[in-house]
Amino acid sequence: MIKFPFIMKAYINSKRVIGLIMEPTISRTVVLKICLIGSYGTGKTSLRVSYMGNRHNRNYLPTVGTDFSVKEIVLDSKKFQLLIWDVSGETRFESIRSLYFQGVYGVLLVFDQTRRESFEDLDQWIHDIEISTQTQGVPVVVLGNKSDLILSDLDKKVSKEEIEAYISGLNDRYEGKFEVKYIETSALSGDNVDEAFKQLIREIMEWLPKRKRI
Ligand SMILES: Nc1nc2c(ncn2[C@@H]2O[C@H](COP(=O)(O)OP(=O)(O)OP(=O)(O)O)[C@@H](O)[C@H]2O)c(=O)[nH]1
Ligand SMILES: [Mg+2]
């Protein structure tokens with residue numbers, strides 16, 4: 001059974017969501033809980049805010065614990081209600097993160113292309129998700145954010161080859177379950193932000209019939 005925190009149950013009830021992870025048709029809403037994860041300052045909140053259609057804020061206001069948005073969209077003739085959890089990347093919130101990961105159907109795993117250690121942290125995030133969801137992985141799309149700051153190869157702190165090798169390693173690991181894609185995004189310009197969410201939903205919908213336990 002999927003466990004939602006009390007507040008989430010109340011929200012779902014109040015919205016009279018008809019279908020929860022059922023065969024989707026245009027008349028049913030498929031509710032998907034997804035998470036933005038990755039190290040502090042990589043742009044998770046900015047990506048969520050951009051996806052919700054709001055203006056980018058250049059000031060860094062670290063997320064305290066977690067933040068949350070809901071968005072309804074139609075994709076491939078199916079109606080979705082996305083419950084988007086945006087989890088702080090700061091280590092001081094490590095102990096509470098696992099609470100938010102439970103019942104998650106997919107993750108946007110974000111690193112900052114201009115900060116190398118945020119790329120090196122990706123494996124730890126994958127590990128945390130697997131432990132918390134007690135699955136051998138949930139669909140993941142890796143996002144190299146802040147693409148607007150990359151004016152030349154010198155600005156990139158992670159090479160194309162390293163990223164390709166990392167994605168290929170994840171695809172070996174999750175072979176037969178789902179395909180991991182890599183997308184370069186900019187929360188500032190909005191580049192590829194919609195695309196990133198769409199890609200994740202498509203991965204989740206392919207994976208759902210195959211999943212063993214969530
Ligand atoms: N140039 C540029 N700046 C960005 C982009 N995304 C985020 N930023 C900036 O990076 C800083 C951190 O962004 P946040 O969205 O707060 O990062 P976060 O991952 O939510 O950080 P935590 O909540 O601490 O985990 C802010 O100053 C943003 O304005 C981007 O795509 N391009
Ligand atoms: Mg944040």
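**Figure 1. Burial and layout of the protein chain in the predicted model.** Of the 214 residues of the protein chain, 35% count as buried. The chain holds seven helices and six strands, and read from the N terminus the elements follow the order α-β-α-β-β-α-β-α-α-β-α-β-α.

**Figure 2. The open sheet, built from six strands.** The strand order is E2-E3-E1-E4-E5-E6, and the pairing is mixed. Strand E2 (66-75) and strand E6 (181-184) are the edge strands, each pairing on one side only. Neighbouring strands of the sheet are turned by 25° against each other on average, with direction ignored. In general, the strands of a sheet pair through backbone hydrogen bonds, in either a parallel or an antiparallel sense.

**Figure 3. Strand E3 (residues 78-87) and the strands it pairs with, E2 and E1.** E3 pairs with E2 in the antiparallel sense over ten bridges. Within that pairing, threonine 66 stands opposite valine 87 of E3, and lysine 71 has leucine 82 of E3 as its bridge partner. With strand E1 (residues 29-37), E3 pairs in the parallel sense over eight bridges. Here isoleucine 34 has isoleucine 84 of E3 as its bridge partner. Seven of the ten residues of E3 are buried, so the strand is largely enclosed by the rest of the structure.

**Figure 4. The hairpin of E2 and E3, with two residues between the strands.** Aspartate 76, in this hairpin, takes a positive phi near 50°. Serine 77 lies in the loop between E2 and E3 and has a positive phi of about 65°, although serine 77 is not a glycine. As a rule, most residues other than glycine have a negative phi. Serine 77 counts as exposed because it has 8 C-beta neighbours inside 10 Å, and the cut-off for exposed is 12 or fewer.

**Figure 5. Lysine 146 in the loop between E5 and helix H6 (160-173).** The phi of lysine 146 is near 70°, a positive value in a residue other than glycine. Is lysine 146 buried or exposed? Lysine 146 is buried, because 25 other C-beta atoms lie within 10 Å, where the cut-off for buried is 20 or more.

**Figure 6. The largest nonpolar core, with 42 residues.** The members that touch the most other members are Leu32, Ile34, Cys35, Ile37, Val107, Leu108 and Leu109. Two or more residues each come from E1, H2, E3, helix H3 (94-101), strand E4 (106-112), helix H5 (122-133), strand E5 (140-145) and helix H7 (193-207). E1 gives the most to this core, with seven residues. In soluble globular proteins, nonpolar side chains tend to be buried together.

**Figure 7. Surroundings of cysteine 35.** Cysteine 35 is one of the core residues that touch the most other members. Neighbours within four places in sequence are left aside here. Beyond them, cysteine 35 is in contact with Trp85, Val87, Tyr100, Phe101, Val104 and Val107.

**Figure 8. Helix H2 (residues 44-51) and its packing.** Seven of the eight residues of H2 are buried, so the helix is largely enclosed by the rest of the structure. The buried residues are Lys44, Thr45, Ser46, Leu47, Arg48, Ser50 and Tyr51. They pack against E1, E2, E3, E4, E5 and H7. After H2 comes glycine 53, with a positive phi near 90°.

**Figure 9. The shell around ligand 1, with 24 residues.** Gly43, Thr45, Ser46, Thr63 and Gly89 come nearest to ligand 1. By class, the shell has seven nonpolar, twelve polar and five charged residues. Which element gives the most to the shell? Helix H2 does, with three residues. Thr45 and Ser46, two of the residues that come nearest to the ligand, are also among the buried residues of H2.

Definitions and conventions: Residues numbered from 1 in each chain as written. Chains lettered and ligands numbered in written order. Predicted model: local features only at pLDDT ≥ 70, side-chain atom pairs only at ≥ 80, totals over all residues. Helix = DSSP H or I, 4+ residues; strand = E, 2+ residues; numbered from the N terminus. Near = placed C-beta within 6 Å. Nonpolar A, V, L, I, M, F, W, Y, C, P; charged D, E, K, R; others polar. Pairing = 2+ DSSP bridges. Axes fitted to C-alpha atoms, helices over the stretch in contact; angles between N-to-C directions. Core = buried A, V, L, I, M, F, W, Y, C linked by C-beta atoms within 7 Å. Contact = placed C-beta atoms within 7 Å.
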